[in-house]
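This report describes one protein chain for a reader who is new to structures. Please keep the sequence and the 3D view at hand while reading.

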Amino acid sequence: MKILAFGEILWDIFGDKKEIGGAPFNFAAHAAKLGTDVSMVSALGSDELGKNALTFVRKYGIRNDYIAFTDKPTGFCRVTLCGEKPRYELVTGVAYDYIPCPAVCGPYDAFYFGTLAQRNSASRATLETLLKSVNAAEVFFDINIRQNFYSKEIVENSLKHTTILKISREEMQVFAELGIADASSPEALCVSLAKKYPIQIIIVTLDRDGALLYTKEGFLYSRKPESRVVSTVGAGDSMVSGMVWGLSQGLSPRDMAQLGVACGSAATMNQGTELFLRDDVDRLLEWIKSYGERFQLRDL
């Protein structure tokens, strides 16, 4: 499977500790660990943080052909953990706000993007060009709401290109606030969005309750994850990378969702983006089989 991911690479600052992060980077890193061929379109500063970030990009097996170095500082985010829930304080005017448009060579099985890197017109223009020019079988939109860095225009324009959508339970209300869709329940939101946009699959992450997977055939509800939670930072990105990888391997929707929950559970056992090893993929697949049918399928 070949994936192109667009967006931020940044440093999550936990007190005096720094962890490499950013939803697109987390997604790309987890997908690469699952054996996927992943390239990123992003920008880093020509500073120490940028050089260190590139080291991690290479370490996790992400292709860096489309990662530019700019005269802006490398992005960072102060993360405060309120219990298990992270609170983010993002800095503006950083490198990922000015991502230049590369000459991308496709085709790709999937193109991934979110909202945060669209907060500045420069990176937003790059994304718009890529959405029109990149040959991708699936377009995956991880809405990934952060602070006030989104708008109705950004969300609606993104949804018009989307075939696979990921939403967290916390982000559901944004659709109602913007007047885009019915968010009275996860199910109502999925049906409402699928009627308006070309979306084929919707993933709603539900924290300790696992995840909901919507397709045209109905709803799938995962079993609850079983892990000792240290931090949920990056867990949703890990979950989705597992689901997308499962989709590429031809897994059934049940097994695809179960693999995603297993990947997300593995991520919650660490702070930051500590990644499970590639060798664990076989263990995760065996984990799925050992639990058998643990989903409830409810037809529309």
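How many residues does helix α2 have, and what distance does it reach from its first C-alpha to its last? Helix α2 covers residues 48-59, which makes twelve residues, and it reaches 17 Å, close to the 16 Å expected at 1.5 Å a residue. The model is a predicted one.

Gly50, Ala53, Leu54 and Val57 are the buried residues to look at in α2. They lie on the same side of α2, because the arc they cover around the axis is only 100°. In an α-helix there are 3.6 residues a turn, so residues three or four places apart point the same way. The face turned away from the buried side of α2 carries Glu48, Lys51 and Lys59, which are exposed. The cover over the buried residues of α2 includes the strands β2 (10-14), β3 (17-21), β4 (37-45) and β5 (63-70), as well as helix α1 (23-33). Just after α2 comes glycine 61, with a positive phi of about 80°.

**Helix α1**

Is α1 largely enclosed or largely open? Ten of its eleven residues are buried, so α1 is largely enclosed by the rest of the structure. Among the buried residues of α1 are Pro24, Phe25, Phe27 and His30. Glycine 35 follows α1 and has a positive phi, near 95°.

**The chain as a whole**

The chain contains nine helices and 14 strands. Of its 300 residues, 55% are buried. Among contacts with a separation of 6 or more, 70% are between residues 24 or more positions apart. The accessible surface of the chain is about 12600 Å², and carbon and sulfur atoms account for 47% of that surface.

**The nonpolar cores**

The largest nonpolar core has 53 residues, and those with the most contacts inside it include Phe6, Phe111, Leu193 and Ile202. Helix α6 (residues 186-196) gives this core its largest share, four residues. A second, separate core has 38 residues, including Trp11, Phe25, Leu44 and Ile164.

**Strand β11**

Setting aside residues up to four places away in sequence, Ile202 touches Leu165, Ile167, Cys190, Leu193, Leu212, Leu213 and Tyr214.

What are the partners of β11? Strand β10 (residues 164-168) runs parallel to β11 and is joined to it by five bridges. In this pair, isoleucine 164 stands opposite isoleucine 201. Strand β12 (residues 211-215) runs antiparallel to β11, with four bridges between them. Here isoleucine 202 stands opposite tyrosine 214. β11 and β12 form a hairpin with five residues between them, and aspartate 207 in the turn has a positive phi of about 55°.

**Loops**

Glutamine 118 lies in the loop between β8 (108-113) and α3 (121-133). Is glutamine 118 buried or exposed? Its relative accessible area is 4%, so glutamine 118 is buried. Apart from neighbours within four places in sequence, glutamine 118 is in contact with Phe113, Arg124, Leu127, Ile154 and Ser158.

In the loop between β7 (85-90) and β8 is proline 107. A cis peptide bond joins proline 107 to glycine 106, with omega about 0°.

The loop between β9 (136-142) and α4 (152-159) holds asparagine 144, and glutamine 147 is also found between β9 and α4.

| Residue | Phi | Relative accessible area |
|---|---|---|
| Asparagine 144 | near 45° | 7%, buried |
| Glutamine 147 | near 50° | 37%, partly exposed |

For asparagine 144, the positive phi occurs in a residue other than glycine. The positive phi of glutamine 147 is likewise in a residue other than glycine.

Definitions and conventions: Residues numbered from 1 in each chain as written. Predicted model: local features only at pLDDT ≥ 70, side-chain atom pairs only at ≥ 80, totals over all residues. Heavy atoms only, no water. Helix = DSSP H or I, 4+ residues; strand = E, 2+ residues; numbered from the N terminus. Buried < 20%, exposed > 50% of the residue type's maximum accessible area, 1.4 Å probe, protein only. Contact = heavy atoms within 4.5 Å. Areas by Shrake-Rupley, 256 points an atom, 1.4 Å probe, with all protein chains shown as cover. Core = buried A, V, L, I, M, F, W, Y, C linked by side-chain atoms within 4.5 Å. Pairing = 2+ DSSP bridges. Expected span 1.5 Å × (residues − 1). Arc of directions from axis to C-beta.
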